[in-house]
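Biologist: I'm new to this one and would like to learn how to read it. Could you take me through it feature by feature?

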Amino acid sequence: MLIALAAGAVVGLALGALGGGGSVLAVPVLIYLLGFAPPAAATASLLIVLATSATALYGHARDGRVRWGTGALFAAAGLVPAALGGLLAARLPEVLLTAGFAVVAGTAAIRMLRPRSGVEGVRRSAPAVAGAGAGLGAVTGVLGVGGGFLTVPALVQVVGLGMRTAVGTSLLVVAANALAALVARAGTAGALDWAVIAPFAGAAILGAWDGRRLAAKVSGDTLRRIFGAALLAVAVLMLADTVF
């Protein structure tokens, strides 16, 4: 119970402050510390992230840090790929899912840690936004993550949003993709341990409010570096586990 509460608080803090990173932290905790099998961990993570991201989205929207049109287009493009990815995930071996999760997280981490190249504020075409959204929706469905750890870099580097606005807008995309992936997994999820999931989600929701306040006080570049470093550490640990 204590592990679930502590992990939930960290996941909520990440989602509230960074607009993502919740499930990329939740999945390893559920697998390695709480004994979930990878498929069950992915489904539980989506439930936790959906509840937390919806809560955090309200706070960021109230602060004016959500681009609703861009977020809706990005999310809508990813709904069908997320659902199809959720169906495909049930047919893939667990080791492949874990390795894929680690590689994708590591790639996103490296992109976030690189020096910025002046893309912030550059408007991209609607097809570019939709293409990025579709790709991230597929990743969300297959790997069982909300997609925020990839959505934030894409909104910054592909769409051209500032970091703070990308964080808020990402939560809309995360919630939509997580819901689509959950619907696709509804018949294959199996039994879930709600005695773990409920306190985990509750702590995450409370942590998200603190994360939102943290995002208002810390610079966008600092948030980006923290985000990238945490992702890289998780990716390395998970990849090492699949190899050794």
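This is a predicted model: local features need pLDDT of at least 70, side-chain atom pairs count only at pLDDT 80 or more; totals for chains, interfaces and linings use all residues.

Biologist: How many helices and strands does the protein chain have?

Modeller: There are 10 helices and 0 strands. Read from the N terminus, the order of elements is α-α-α-α-α-α-α-α-α-α. Of the 244 residues in the protein chain, 52% are buried.

Biologist: What share of the contacts in the protein chain joins residues at least 24 apart?

Modeller: A contact means heavy atoms within 4.5 Å. Taking contacts between residues at least 6 apart in sequence, 86% join residues at least 24 apart. Leu 5, in helix H1 (residues 2-18), gives you a case to look at. Leu 5 and Phe 200 are 195 residues apart in sequence, yet 5.2 Å apart from C-alpha to C-alpha. Setting aside neighbours within four places in sequence, Leu 5 is in contact with Pro 199 and Ala 203. Leu 5 is partly exposed, at 35% relative accessibility.

Biologist: What should the 17 residues of H1 span?

Modeller: Take 1.5 Å times one less than the number of residues. For H1 that gives 24 Å, and the end C-alpha atoms are 24 Å apart, which agrees. Buried residues in H1 include Ala 4, Val 11 and Leu 15. Just after H1, Gly 19 takes a positive phi of about 75 degrees.

Biologist: And where do the buried residues of H5 fall when seen down its axis?

Modeller: An α-helix has 3.6 residues a turn, so residues three or four places apart point the same way. In H5, the buried residues are Leu 97, Thr 98, Phe 101, Ala 102, Ala 105, Gly 106, Ala 108, Ala 109 and Met 112. They fall within an arc of 170 degrees (taken from the directions from the helix axis to the C-beta atoms), so they line one face of H5. As for length, the 20 residues of H5 should span 28 Å, and the ends are 29 Å apart, which agrees.

Biologist: What does Pro 153 touch?

Modeller: Not counting residues up to four places away in sequence, Pro 153 touches Met 112, Gly 148 and Val 158. Pro 153 belongs to helix H7 (residues 148-159) and is buried, at 4% relative accessibility. Pro 153 and Ala 108 are 45 residues apart in sequence, with 7.1 Å between their C-alpha atoms.

Biologist: How many salt bridges does the structure hold?

Modeller: A salt bridge is a side-chain nitrogen of Lys or Arg within 4 Å of a carboxyl oxygen of Asp or Glu. The structure holds 1. Arg 65 pairs with Asp 63, and their closest N and O atoms are 3.5 Å apart. Arg 65 is buried at 14%, whereas Asp 63 is partly exposed at 37%.

Biologist: Which residues make the nonpolar surface patch?

Modeller: Patches take residues with over 30% relative accessible area and no salt bridge, joining like charges within 9 Å and nonpolar side chains (Val, Leu, Ile, Met, Phe, Trp, Tyr) within 5 Å. Areas come from the Shrake-Rupley method with a 1.4 Å probe, and for residues only the protein chains shown count as cover. Here Ile 110, Leu 113, Leu 232 and Val 236 make a patch of about 310 Å². Helix H5 (94-113) and helix H10 (220-243) each supply at least two of its residues. Leu 232, in H10, is partly exposed at 31%. Overall, the protein chain exposes about 9,900 Å², with carbon and sulfur atoms supplying 70% of that.

Terms used: Residues are numbered from 1 along each chain as its sequence is written. Side-chain values use heavy atoms; hydrogens and water are left out. Helices (H or I, at least four residues) and strands (E, at least two) are DSSP runs, numbered from the N terminus. Buried means under 20% relative accessible area, exposed over 50%, partly exposed in between (1.4 Å probe, protein chains only).
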